[in-house]
Structure formats: structure tokens, C-alpha cells
Amino acid sequence: MKRFFIKYCLLVVLGATAFSSCKKTFDLLPQAQLDASQMYRNVYDADAAIVGLYGKFTSLAERYIVLNELRGDMLEYTDNADEYLRQISTHSVTAENPYANPRPFYELIVNCNDVLKNFNSMHDAKKMKENEFQERYSDVLFLRSFLYLQLGIHYGSVPYVTDALATLDDVNNESKFPKLTFNVLLDSLINVSERATYKDEYASSSTLAVTVDGYPTQKWFVNKKVVLADLHLWKGNYVQAASYYRQVMETGTVGTVNGSYYSMYKVGWDSNGDIDHYITYSRAGDASTLVTNSQWRIMFELPTTTEGFRREWVWAIPFDNKFKPENPFVKLFSNIGGSYLVKPSKNATDMWDNEQQKSASAATGTPGIPYDARGQLSWKNINGQPVVMKFLYNYINNNTNLPLNVLQKDSKWFLFRQTQLHMRFAEAANRVGRYRLAWGLLNSGIAGAYPAPTSDVTLYHNTLNDSYPFNFDARNSGSAGVPYYRSDWYRNIGIRSRANLVDQVVPATDSLNQIEANLINETGLENGFEGTRWPDLLRVALRRNDPSFI
């Protein structure tokens with residue numbers, strides 16, 4: 001297991017050396033480019049600017065995973081790793097370590113600032129309709145807030161740049177980028193993000209809601225409410241955080257009442273194995289019959305056009321061999337056609353091995369399969385080496401362990417999905433005393449946390465006596481129930497139930513801390529390697545003022 005050498009203050013996360021040459025980050029001469037009057041003429045030029053920002057954003061994918069996972073306890077470096085990756089893993093970073101350099105984040109932030117400035121000019125000149133301006137301006141604003149949140153997580157106190165730096169004089173004017181502590185940075189990000197007038201996804205009629213080379217673009221763009229919820233969660237504004245998470249959780253609860261209405265972002269069951277993403281076996285209780293060609297594993301392989309992908313993923317960006325930048329994950333993870341630089345840690349494999357699945361026969365009370373099968377689907381041994389597989393299922397065939405095409409290194413950057421929504425909502429709910437609700441979302445669902453003693457579920461399966469955002473209706477009376485209920489959340493089954501795991505037992509003496517620790521552990525089991533681990537550990541350690549949590 002890794003040991004972390006963390007100072008008590010915690011916020012100096014990569015060490016003071018990371019910013020010893022911070023000034024150099026901003027010593028960037030403007031590059032030759034078209035005059036703004038030639039670039040920002042209409043909404044299509046505005047779209048091109050946004051696509052350009054996201055193209056540059058994808059170049060941060062490798063850095064995002066390295067900083068958020070290799071610094072945690074679920075990834076470790078391989079023998080092939082260079083000294084810089086080893087430093088990140090052991091928290092012994094030197095000033096020349098490229099991963100400790102915030103410059104790539106700030107280059108994109110400065111680009112965002114420039115785009116925001118020009119969007120304002122376009123708005124004043126009426127070159128975009130009001131709704132077109134609000135959608136695009138908010139998108140860039142929230143992308144910048146996401147980048148700043150990452151900077152705060154990894155560097156603590158950071159310069160806060162909101163001006164477009166157009167000249168060298170601007171760059172050298174340090175008053176334009178005062179350094180803020182993480183806590184003050186959160187205040188600033190919340191204030192500017194809350195003032196945005198548009199917080200939804202792009203409308204289906206938008207010129208940015210299209211399909212490019214077979215990829216629908218809707219999931220490419222930052223989810224604004226998720227970012228705002230995360231900012232409030234880090235700040236400790238738990239009701240506000242839960243409110244925004246709840247709004248995203250109910251994205252599909254509109255229009256026609258169908259499977260999507262009941263299960264999109266709700267961790268709900270469905271009759272289609274490519275949609276509900278259970279851990280299942282073709283023969284109950286037989287570990288050798290784990291379903292791998294549908295259900296839980298398939299969410300990482302599914303085309304972005306499928307309903308199963310749409311219902312699971314809130315934010316995900318494809319890497320395709322037909323366009324730049326090149327997929328970084330084959331190089332990072334694969335021992336076939338890649339550099340194989342990082343691998344699952346023993347701590348990660350132990351976490352999955354120490355779980356307990358439900359018995360195939362609940363009546364007998366006998367234990368089920370003694371490990372979490374999500375581990376087998378998150379990584380596997382290939383040629384005698386442990387390999388993280390989540391990012392490789394569009395490159396390596398799951399059945400043969402061979403590349404589909406060694407020259408076509410496709411993948412996806414998984415940034416946010418429905419399980420994070422539920423875990424973080426539960427984290428916020430738990431912090432304001434809704435222990436049972438948090439327990440239910442983690443374990444066997446809302447109805448499981450509020451069971452009914454009879455077929456009349458009128459007073460059960462719900463928290464309707466609570467205030468928003470904690471008032472859920474999951475009533476399901478069954479086919480013979482009287483009165484008959486099929487409420488909005490009736491299909492919710494909980495994270496651990498979907499993974500076929502037994503419920504966590506929580507001692508009444510310390511519900512808050514134990515549920516919180518269980519939520520962080522479960523996010524590792526469910527979302528391991530996806531970029532959540534270090535932020536989750538750090539957030540709770542800061543909240544509790546307890547470095548030992550890391």
C-alpha cells in the first residue's frame with residue numbers, strides 16, 4: 001500500500017516547488033493569429049472557438065488521470081515509468097516534473113478568457129442571438145471553472161486569471177492574477193458560476209448539438225450543474241450541492257414516461273442488459289459465468305450513440321483515430337501497443353477482493369461470491385501483467401485480449417457518470433443528517449431504505465415529508481398492490497445492489513463518518529481509475545481536518 005507524505009496543511013499538495021517558477025507560466029508571447037474581427041463574425045465562428053477549446057481540453061486527459069489517480073492509492077507505476085510518474089506516485093515531486101507544471105491548465109484558461117471577451121463583444125454587436133450567446137458563454141465559463149477546480153485540488157493556492165491576456169504588458173502585470181487560497185478560490189468560482197444565466201445542456205436545436213463522424217456531441221460539453229454542485233460540495237454548502245446533483249439526476253424525468261424517464265441517471269433497473277449495467281451471472285452463484293458481453297462492463301465499450309451510453313454517462317469525450325489529439329490511454333495503460341506506464345495497485349485489487357456478493361439463494365442465508373466482480377471488469381491480467389481495462393475496451397477485444405486494430409487506438413475520456421451523481425448527492429445528504437437516504441442510495445435503493453411491511457406502500461418507499469432536494473418518491477406497489485404506484489424513482493436500486501453486493505452495515509454510534517467513508521470507498525470500487533480517487537480522499541480529509549484519511 002502506498003504511503004503518503006502529506007503535510008498537515010494538506011493544501012500544498014504538490015509542494016511549494018510546483019509554483020517556484022509560476023511566473024514563467026504566464027511569460028507567454030501572444031502567438032500569430034487572425035484578428036478577432038476575422039474570427040468572431042457569427043454563431044458558427046463562435047462554435048468553432050468552442051470546439052477549439054475542447055480540442056485543447058482533451059490534451060489534458062492524460063494529466064487529469066495521472067494527477068487524480070496515480071496520486072491516490074488505486075494506481076501505481078510500472079517498471080516502464082519514468083522518474084516523473086514515480087514522483088507523482090510517491091508524492092516526492094521536484095520542480096522540473098512536467099506533471100507539476102500548471103502551465104497547460106493556464107494556457108487553456110487564458111484561451112477561455114479570450115473567447116469570453118470576444119463573445120461579449122459579439123453580444124454587444126448583436127452577432128449572436130441572446131439564447132445563442134447565453135448557451136456558449138456559460139459553456140466556456142463553466143469549463144474554466146472546472147479547470148480552476150482541478151488547479152485548486154492539486155496546487156492549493158493558485159493565481160486566479162479572469163482577464164484575456166492579449167499583450168506582454170498584460171502578462172507581466174501580476175495584479176491581473178492574484179494568488180487565491182483554495183477556499184477563497186471556491187468562493188470566487190461559486191459566485192461567478194451562480195451568476196451564469198444558462199446552466200442546462202445545449203438545447204437539441206443548437207448548432208453544437210450535432211453528430212460528428214458518428215459521435216453525438218451532446219456529452220462532450222461540460223455539465224454545468226455538475227460543476228456547480230461539485231464546487232458547493234467542496235465548499236461545504238451541502239444543500240446547494242444536493243440540489244444541483246438532484247436536478248441532473250432527474251434529467252430524464254420529463255416528457256414521455258418510458259424506460260429513460262425512470263432510469264436515466266437514476267441507477268435504475270431496465271430489462272435491457274446494455275442499459276441497466278448490473279453485475280450478473282448466466283448461472284446464479286457460478287462465478288465462472290460472469291456476464292461480460294453486456295451489463296456492467298459494456299458501459300465502457302458502448303458506442304456513444306446507444307441508449308445505454310446515454311443513460312450512464314453525464315460527460316464523456318471520445319478519442320478516435322480519425323482526429324487529433326491522439327488517444328493517450330493506450331500509451332498509459334496498455335502492455336500491447338502501448339508503453340504500459342501505470343497499473344492497478346495491490347490496494348485496489350484488495351479493495352475489490354475484500355467485498356462480499358449477495359447469495360444466489362437469499363433464503364439459505366449463505367454467503368455469495370467472496371469478491372466484487374467489478375474488479376475483474378475494471379482490470380485484468382494480460383500476458384502476466386495487470387492492466388487497467390476501462391479505457392481500453394475500444395482498443396483491446398475483451399474475449400481475445402488482442403487489439404481490434406493495433407493502428408486504431410480508439411477510446412473515451414470518462415469524466416462523469418450517474419454513479420458519481422448518486423455518491424456525491426449521498427455525501428451531501430449524509431452531511432446534513434439524511435443518513436438513511438444516503439445509505440439507501442449507496443446500498444439497495446430508496447425503497448430498500450424505506451421498506452413497506454405490506455403491499456400498501458402509500459406511507460413507505462419515499463421521503464416525501466422531507467424538503468427538496470431530499471424528498472424522493474420511489475413507491476412501487478407491485479402488480480397486486482393497492483393502491484397502485486409506479487412513482488418516478490421506483491426503479492432506483494442503489495449502487496451496491498447494482499453491483500450484486502451485500503448492504504453495508506452502519507453502526508448507529510457514528511453514522512455520519514461511517515457512511516461518508518463507505519461512500520468514498522464505494523466510489524473507488526465503482527469509479528476506480530476514472531479520475532475520482534484523489535479528489536474524493538482529499539475532500540474528506542480537508543473537511544475533517546484529518547490527513548490520516550488519505
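Me: Buried means under 20% relative accessible area, exposed over 50%, and partly exposed in between. Why is Trp 313 called buried in this predicted model?

Reply: The model is predicted, and the class follows from a computed value. Trp 313 has a relative accessible area of 0%. That is under 20%, so the residue is buried.

Me: What makes strand 6 an enclosed strand?

Reply: Strand 6 covers residues 313-319, and seven of its seven residues are buried, so the rest of the structure largely encloses it.

Me: How do you know that strand 6 and strand 10 pair, and in which sense?

Reply: Pairing needs at least two bridges between the strands. Strand 6 and strand 10 (residues 411-417) have six bridges, and the sense is antiparallel. Within this arrangement, Phe 319 stands opposite Ser 411 of strand 10.

Me: What makes two rings an aromatic pair, and how many pairs are there?

Reply: The ring centres must lie within 6.5 Å, and by this rule there are 32 aromatic pairs. One of them joins Phe 133 and Tyr 137, with centres 5.2 Å apart and planes at 40°. Stacked needs under 30 degrees and edge-to-face over 60, so at 40° this pair is tilted.

Me: Why are Phe 133 and Tyr 137 said to be separated by about one helical turn?

Reply: Both are in helix 7, and they are four residues apart, which means about one turn.

Me: Are Phe 133 and Tyr 137 buried or partly exposed?

Reply: Phe 133 has a relative accessible area of 6%, so it is buried. Tyr 137 has 21%, so it falls in the partly exposed class.

Me: What makes the pair of Trp 313 and Phe 414 stacked?

Reply: The centres of Trp 313 and Phe 414 are 4.3 Å apart and their planes are at 20°. An angle under 30 degrees counts as stacked. The pair links distant parts of the chain, with Trp 313 in strand 6 and Phe 414 in strand 10, 101 residues apart. Phe 414 has 1% relative accessibility, so it too counts as buried. Trp 313 and Phe 414 also belong to one aromatic cluster, whose members include Trp 296, Phe 329 and Phe 391.

Me: Which residues touch the most other members of the largest nonpolar core?

Reply: They are Phe 57, Phe 119, Phe 333, Trp 413 and Phe 425, in a core of 160 residues. Helix 7 gives the most to this core, with 12 residues. Trp 413 has contacts beyond its sequence neighbours, among them Phe 57, Tyr 64, Trp 315 and Phe 319. In soluble globular proteins, nonpolar side chains tend to be buried together.

Me: How do you know that the length of helix 3 agrees with its number of residues?

Reply: Helix 3 has 15 residues (43-57), and at 1.5 Å a residue they should span 21 Å; the end C-alpha atoms are 21 Å apart, so the two agree. Among its buried residues are Ile 50, Leu 53 and Phe 57.

Me: Why is Asn 42 called a cap of helix 3?

Reply: A side-chain oxygen of Asn 42 lies 3.0 Å from the backbone nitrogen of Tyr 44, at the N-terminal end of the helix. The limit for a polar contact is 3.5 Å.

Me: What makes His 277 a buried residue with polar partners?

Reply: His 277 has 0% relative accessibility, so it counts as buried. It lies in the loop between helix 13 and helix 14. Its side chain makes a polar contact with the side chain of Glu 312 at 3.1 Å, and a polar atom of that His 277 side chain is 3.0 Å from the backbone oxygen of Asp 274.

Me: Is Lys 324 buried or exposed?

Reply: Lys 324 has 70% relative accessibility, which is over 50%, so it is exposed. It lies in the loop between strand 6 and helix 16.

Me: What makes helix 24 largely enclosed?

Reply: Nine of its 12 residues are buried, so the rest of the structure largely encloses it. The buried residues pack against helix 4, helix 7, helix 10, helix 17, helix 19 and helix 23. Helix 24 reaches 17 Å from its first C-alpha to its last, close to the expected 16 Å.

Technical notes: Residues numbered from 1 in each chain as written. Predicted model: local features only at pLDDT ≥ 70, side-chain atom pairs only at ≥ 80, totals over all residues. Heavy atoms only, no water. Helix = DSSP H or I, 4+ residues; strand = E, 2+ residues; numbered from the N terminus. Expected span 1.5 Å × (residues − 1). Buried < 20%, exposed > 50% of the residue type's maximum accessible area, 1.4 Å probe, protein only. Polar contact = N/O pair within 3.5 Å; in protein donor to acceptor, adjacent residues only side chain to side chain. Core = buried A, V, L, I, M, F, W, Y, C linked by side-chain atoms within 4.5 Å. Contact = heavy atoms within 4.5 Å. Phe/Tyr/Trp six-rings, centres within 6.5 Å; stacked < 30°, edge-to-face > 60°. Lists of a residue's contacts leave out its neighbours within four places in sequence.
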